[in-house]
Protein chains: 2
Amino acid sequence: MATIEDVARAAGVSASTVSYVLSGKRSISPPTRRRVEQAIAELGYRPHMGARALASNRTHVIGLMAPLRSGVDVSVIMQFVTGVVTRARGFEHDVLLLTQDDVGGLERVAAGSMVDAVVVMDVEADDPRIPVLGSLRQPTVLIGLPRDAGGLSCVDLDFEAVGALGARHLADTGHHDVALLGSPPEVMDRHTSYADRVVRGFTATASARGLAATVEPCGSSPAGAQQAVDAVLDRAPGTTGLVVHNERALPHVLAHLRERGRVVGHDTSVVAVCPADVALSQALPMTSIDIPAELIGSVAVEMVMARLEGEQPAETRLLAPVLTERASGTPGPAALPVTP
Amino acid sequence: MATIEDVARAAGVSASTVSYVLSGKRSISPPTRRRVEQAIAELGYRPHMGARALASNRTHVIGLMAPLRSGVDVSVIMQFVTGVVTRARGFEHDVLLLTQDDVGGLERVAAGSMVDAVVVMDVEADDPRIPVLGSLRQPTVLIGLPRDAGGLSCVDLDFEAVGALGARHLADTGHHDVALLGSPPEVMDRHTSYADRVVRGFTATASARGLAATVEPCGSSPAGAQQAVDAVLDRAPGTTGLVVHNERALPHVLAHLRERGRVVGHDTSVVAVCPADVALSQALPMTSIDIPAELIGSVAVEMVMARLEGEQPAETRLLAPVLTERASGTPGPAALPVTP
DNA sequence: CGCGATCGTCGAAGCGTTTCAACACGCTAG
DNA sequence: CTAGCGTGTTGAAACGCTTCGACGATCGCG
């Protein structure tokens, strides 16, 4: 491997000059710059990142902690990761991947100076990683909204607004009896931040609009979905509008609604909360509230990068949800007052 | 941050002694070792990985190139990644994540000595990354089976055996008219290695067993699945046994078979080729040939690690597929010779 | 015409490890 | 009693880069 010295020699300059050509931190005369650049090209020189990190205290790597256990909303996770990696590359950074359960890993890579900054996904209401993150010297951004961010920056979809938007849309299209099929029971019980927030937004807006609202957790398996649908339809048979916030259960919910004689998009409205591609790959194109996971990932990187330059104060950014109408929506009873 | 010098001072030894305690490359007397370990604990010392990489030429990081574009078999990809990261941690290594399209990234991280080794996922029959990988000084393992590995090591599920196993199972359970619903047309056309191999194994074994076999690409969308099912059933209405090798299309294939009056697990046998968790989360628990993605990922790491120590010759490992019978299988006509 | 400012370049001092050669010490064997 | 050996420890030299301070040259200006 060619070193900076080799390049310097080939270009007839000193190593520091080469370094300045590379970093642009000092002005270099055009002819010198040209000679250096040519030498770099000829030798195929690549700076040794370890040496660079040692000298400059910058690794050009950011750590990303992602929930790799398969199961929950895989495609959302992939999109987060894609957003993070892609945006990081835009800042000339690479991404070191940590698994969710490897809590010690955060301390390890941070204290070992393997990363310049850290992004953590899937943060829960009372996340045990928050104190750890607070003690790192690297800037940190959380994807998710913990109860107490402990002075850390956060970014997330505004899930409370998601719930509200779902309820509002159903109300606006004439539904009166509505239900939210939420996350799996275990997620609900864990009080994963987003699950609670959706419920809160949904029930608040439903009651403000005078709707009769039911909330039911919903397992991701066919059986779980069936059970949830049954629970809602048995308890409130008049339900005509549903918000479904469980990507994996969605197909099974649709299937079971059908089995119970409901025709989605005709006598029953379903609003899915999921990434657009998932909404489109159902049996019926779903009216949905998008989870812009890739965008959130890239915003997270931007925030963390900003903190890597100047000292920014902690900040929380909640992205406004957007609803797209597709085939699974239909006017509810109140929209057709004359029909019995 | 405490440095190795701080630790040395606190323990009353030299820096090199601390280094040897850490690496175990030289014997250290028990009392000294104890003092050093205590100093490390007290100071919360963590070696600076950049410095270590510079001095030792080992980063303790492996590069992983993964197809992050969401869409194709997300859960399989996640499981690969999980397998790689988890196993790498077992070897005290971390994982740097590269996206599939960032071909230059390979050269960048390798030449910049950011990684000790590279694992590349989703390798195609004629993959443009192979020549690049061949020129790296770091050991490399491909997940997938290119036409010409160019002297690189590979690991993959034996997809030819998968196709054969599917056909054999259907033959053994008495089916005569069988079909393979394969990957999406674009994947087939790209001659992605595994798609071709499944087809080859399936048709060869089917014809060896005297079956009438149809092969049909199958898009992942509801429409694509429907079309594929229609194509098979229209062309060969007597088909009673299906192998489906498309995780995303699977639910739609099942739904459409049902719409066409087929009762899977009763008059029609379906063997899914997919990870076990996907097989279990269908409307009906699927008889399936597992794609042990996590295992493959961890094997890839083991291979690359072996190459990091001694010089191993290139090697190709194909994992034997395993079929698990569940509810979607049923005896075919030949198994009931007396019934008309 | 001389003076200070500006520009481009350089030498050297780190950055925090690893590792090699060497050394001190206490033993054993001759 | 000493030569020789093994064991545990050390000092110093890398590793490849960044960056600070300094220096000579060039320039504008009074």
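Student: Which domains does the domain assignment of chain A give?

Tutor: This is a predicted model, and for chain A the assignment gives domain 1 (4–47), domain 2 (61–157 + 293–320) and domain 3 (159–291 + 324–333).

Student: What makes A:Asp156 and A:Arg197 a salt bridge?

Tutor: The closest N and O atoms of A:Asp156 and A:Arg197 are 2.5 Å apart, and the rule asks for a side-chain nitrogen of Lys or Arg within 4 Å of a carboxyl oxygen of Asp or Glu, so the pair A:Asp156 and A:Arg197 qualifies as a salt bridge. Across the interface of domain 2 of chain A and domain 3 of chain A, the rule finds 1 salt bridge, while the count of residue pairs in polar contact between these two domains, both residues at pLDDT 80 or more, is 7.

Student: Which helix and strand of chain A each supply at least two residues of the side of domain 2 that touches domain 3?

Tutor: They are helix H5 (74–90) and strand S5 (153–157) of chain A, and H5(A) gives the most to that side, with 4 residues.

Student: How do you know that domain 2 of chain A and domain 3 of chain A are in contact?

Tutor: Contact means heavy atoms within 4.5 Å, and by that cut-off 16 residues of domain 2 of chain A are in contact with 15 residues of domain 3 of chain A, so the two domains do touch. Between them they bury about 1,400 Å², 49% of it on carbon and sulfur atoms. In domain 2 of chain A, the residues that lose the most area to domain 3 of chain A are A:Asp73, A:Glu124 and A:Leu157, together 36% of what that side buries.

Conventions
Residues are numbered from 1 along each chain as its sequence is written. Chains are lettered from A and ligands numbered from 1 in the order in which they are written. This is a predicted model: local features need pLDDT of at least 70, side-chain atom pairs count only at pLDDT 80 or more; totals for chains, interfaces and linings use all residues. Side-chain values use heavy atoms; hydrogens and water are left out. Domain bounds come from an automatic or database domain assignment. Buried area is the accessible area (1.4 Å probe) that two parts lose on being put together, summed over both. A polar contact is a pair of N or O atoms within 3.5 Å; within protein, one must be able to donate a hydrogen and the other to accept it, and residues adjacent in sequence count only if both atoms are side-chain atoms.
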